[in-house]
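Hi,

Here is the structure I promised to pass on to you. Have a look at it first, and then read on for what I found in it.

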Amino acid sequence: MNVFDRAYDDTVRVLDEDGEVVGDVPDLDDDSLVGMYRHMRLARHFDGRAVSLQRQGRMGTYPPLSGQEGAQIGSAYALDDDDWMLPSYREHGAALVHGLPLKQTLLYWMGHEDGNNAPPGVNVFPVAVPIASQVPHATGAAWASKIRGEDDAFICYFGDGATSEGDFHEGINFAGVFDTPTVFFCNNNQWAISVPRERQTRSATLAQKAEAYGIDGVQVDGMDPLAVYSVTAAALEKARDPEDDRPRPTLIEAVQYRFGAHTTADDPTVYRDDDEVERWKRKDPIDRLESYLRDRGVLDDERLAEIESSVEARVADAIDEAESMARPDLRELFEHAYAELPPELERQYETLAALRDDRGDAAFLED
Amino acid sequence: MTDTQNLTLVQAVRDGLHNELREDDDVVVMGQDVGKNGGVFRATEGLFDEFGGDRVIDTPLAESGIVGTAVGMAAMGMRPVPEIQFSGFMYPGFDQIVSHMARFRTRSRGRFTLPMTLRAPYGGGIRAPEHHSESKEAFYAHEAGLKVVIPSTPYEAKGLLAASIRDPDPVIFLEPKLIYRAFREEVPEEPYTVSIGEAATRREGDDVAVFTYGAMTRPTLEAAETLGEEGIECEVVDLRTVSPLDREAIVEAFEKTGRAVVVHEAPKTGGLGGEITAILQEEALLHQEAPIGRVAGFDVPYPLYALEDYYLPSAARIEEGILEAVEF
């Protein structure tokens, strides 16, 4: 049976909350499965370190991802290197899998423009902070690929709150009309800051919104990395190599939970109960995959210890790298505003540079 | 004697909303996270508990929806006070603002009016993420039919907010989040208003008039004090409303000094500085003794925070700008 031929509330699952197999395990070799686990651990550890850097004043406001590793890593593992990713602002784990160095993510949240500059060959768009604004971009980018006869697929991430925005509707409607190779991946983490999923829409599921656009919609357990992988792989395959009677675009609703705050500037205890958080923590995607991999005989204490230390070292190295970057020169304020700096902007730069030379950085900088 | 409370600017906003909700059943507060959460800056803290979810409303995440439904409510005679969480996220609601909020009175020949106040924190300097630091008041000042108010003190924030909510026309009320908690001031507990469209003189001086508003008022006054020690006396005028501008106060301060500098964190090109300069050209050309200076944000996208201290007018840049006008 095609994975998309199911009721919208018939959630796709492979592992249950204890890591027991309840669905079709995707055809992944042991190394890939352990690699997926390693990336989830990496994302979790990175997240904890990033929150702590913010608390220490070493980084600005940061949006944590803990709890969402299953959806991020599982979906990104389904991408080919040539596929494109259009993230929101919380997909540090997904972007990492698709090749964006951790250092870039750190730099972005440390206030460096360079953080948004993915290295050549890494097909990741700049982070989109305004909610749902990347959805039409994903349709347009995929449309360009289709017009040029290329066979890349595009995945676009956004949250449950984004489904209330006009851009969500317009972007997906275009995708339906022009049959673009786009996978719209909704990280439904239940909360748009303090507003619960039920207050965003009266729809029973977010997946069913696909119906209105004439595209496939499917709900998946977002804290089950194997189920997420399977569904995303099927959607990407259909995007790249369309079947006669199926639309190329897909809306995936990955049901999950944000364990932490919306950002480090948010205090979720004001608006949600600890009981609810604890209930969802029992579904932790990392524990589930770990349990499955142990049962499969590909993960033991020794390997876990190795993963743990390598993850810690990798994050520590990335932090060292990012923190060793000097404050960008003030010329960077003006660079890249245009292909060629207009004379008035050149003049503005020169005036500022002259004043800095005259009065020193202390006249500008707070710290 | 009136009882007062010692409040920060954001607390004064909250107090102003509280008073207006209490005084007028037609007032509703609506937006993202304004209810149970009390606002991401706590500007609506406690209002949900006191007035309930029908008057302090958590909406879906949709700026066009927030502004557009507020337009509908206001057309029916309510006084909605929608909040957009950061001014950098107003743009999905921009069509509703310029095509409807600004024009309903005109289009219906006065049949429908929109007594609504759209609040949003604006401006930089708090090491915020991308799109959280812009200062785009000029967009709204450019749009006929809107009033654009920007307070710079707790006392005035409360009084101007009350005046905005009670105003028969739509108001864009931009709150300088850099100084949300920068200082406290005695604020009357009782409701009061501060008139829209009137500037305030923050410092008297005969040598040069410096026009500013919002969060830039403080570094401007700092620069003025520094220059005062060198014998240069600045008249600092806080515009408080950037549309309609208080032409009389602007011209008066200029005629007194013959020199002027405008300070704003918004980009220089197309900013309020150009408009104020034009007013002075129109009304007081013969008093002019030096080119009118502009100390403003640069004409580049607002940078991520590693560079924002260079972007924002600092007291040092303001001093330089004033010296240029004075030494011409």
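Of the 367 residues in chain A of this predicted model, 50% count as buried. The chain is built from 13 helices and seven strands. Its radius of gyration is 21 Å, close to the 21 Å that the globule rule gives for 367 residues, so chain A is as compact as a globular protein of that length.

Now for the interface. How many residues of chain A are in contact with chain B? There are 39 on the chain A side, and they meet 34 residues of chain B. On chain A, the elements that give two or more residues to this side are helix 7 (197-200) and helix 13 (343-359). Helix 13 of chain A provides the largest share, with six residues. Sorted by class, the side of chain A that touches chain B has 21 nonpolar residues, along with ten polar and eight charged ones.

Lastly, a word on confidence. The model has an ipTM of 0.95 and a pTM of 0.97. For chain B, the average pLDDT is 97, and 100% of the residues score at least 70.

Best wishes

Notes
Residues numbered from 1 in each chain as written. Chains lettered and ligands numbered in written order. Predicted model: local features only at pLDDT ≥ 70, side-chain atom pairs only at ≥ 80, totals over all residues. pLDDT = per-residue confidence, 0-100. Contact = placed C-beta atoms within 7 Å. Helix = DSSP H or I, 4+ residues; strand = E, 2+ residues; numbered from the N terminus. Nonpolar A, V, L, I, M, F, W, Y, C, P; charged D, E, K, R; others polar. Rg over C-alpha atoms; globule rule 2.2 N^0.38 Å. Buried ≥ 20, exposed ≤ 12 C-beta atoms within 10 Å, placed from the backbone.
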